[in-house]
Amino acid sequence: MFTGIVEAVGRLAAVSQNNGAVLRITAPFRAVKKGESIAVNGACLTVERVLKGGFTVHAVATTIGRTLIGDWRKGQLVNLERALRAGDRLGGHFVQGHVDGVGTVQRVAAADDALLVDIRVPLDVRETAVPHGAVTVDGVSLTVNALPSADVVQVSLVPFTREHTTLGQISRGDRVHVEADVLGKYVRQLCRSAR
């Protein structure tokens, strides 16, 4: 379980695509432990090896099929968050690290001190979105600003988010990981089951 509050931006030091993908990630974390979960651009991955200044993770074929990890290359920046511990502050929202799909940025526009970003998302993600609710984009907990159309979710990026995550470089046409709000997913399933 995560919160969508990015702790650090890491860099892919090496990417090996063979029966899944092995990623070597540089990160400023201390005391990383083998077997712990770390969200990498919102995808929950397990630390296989701890290295000086970083760690390695293995994304299996199923994960590759649901995410953009198969397209990742050496040198790419990624948002990182370590798993939530009991007693930690919950500054974002409950994030599972289970990427629901890939969205495509349709529009990026300045609005005063914020940046409005319209993202075309899979139907399952859009169905759970409500204004002022939550959505996760590349591992970042964001508030749904508006719902401009049947397949688009709009988020507003504040200066802090742009400065401390990879979303500061987002542009039209970019593809991003999206995860719907877990509470919305359960409500949707309960409503479907009641029919």
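This is a predicted model: local features need pLDDT of at least 70, side-chain atom pairs count only at pLDDT 80 or more; totals for chains, interfaces and linings use all residues.
**Stop 1: the largest pocket.** The volume here is about 380 Å³. Now colour strand β12, residues 175-180: this strand supplies the largest share of the lining, with 3 residues. If you colour the lining by class, you will see 6 nonpolar, 5 polar and 4 charged residues.

**Stop 2: the second largest pocket.** Next, select T3, I5, E7, E36, E81, R82, A83, L84, R85, D88, R89 and G91, which line the second largest pocket. The space in this pocket comes to about 310 Å³. Its lining has 7 charged residues, along with 3 nonpolar and 2 polar ones.

**Stop 3: R82 and F29.** R82 sits over the face of the F29 ring, 5.5 Å from the ring centre. As for aromatic pairs, a search of the whole structure finds 0.

**Stop 4: the barrel.** Switch to a cartoon view and follow the strands in the order β1-β2-β5-β4-β3-β6; these 6 strands form a closed barrel with antiparallel pairing. On average, neighbouring strands in this sheet are turned by 45 degrees against each other, direction ignored.

Stop 5: Zoom in on β4 (residues 43-51) and β5 (residues 54-59), an antiparallel pair joined over 4 bridges. To end the tour, select R49 and look across to T56 in β5, which stands opposite.

Terms used: Residues are numbered from 1 along each chain as its sequence is written. Side-chain values use heavy atoms; hydrogens and water are left out. On a 1 Å grid over the protein atoms alone, a cavity is a set of points where a 1.4 Å probe fits but cannot get out, and a pocket is an open set with protein on both sides within 12 Å along at least five of seven lines; lining residues have an atom within 4 Å of a point. Grid points are joined across faces, edges and corners, and a volume is the space filled by probe spheres set on the points. Helices (H or I, at least four residues) and strands (E, at least two) are DSSP runs, numbered from the N terminus. Ala, Val, Leu, Ile, Met, Phe, Trp, Tyr, Cys and Pro count as nonpolar, Asp, Glu, Lys and Arg as charged, and the others, Gly among them, as polar. Rings of Phe, Tyr and Trp (its six-membered ring) pair if their centres lie within 6.5 Å; planes under 30 degrees apart count as stacked, over 60 as edge-to-face and the rest as tilted. A charge sits over a ring if NZ of Lys or CZ of Arg is within 6 Å of the ring centre and within 35 degrees of the ring normal. Two strands pair if DSSP finds at least two bridges between them. Axes are lines fitted to C-alpha atoms, for helices over the stretch in contact, and angles run from 0 to 180 degrees between N-to-C directions.
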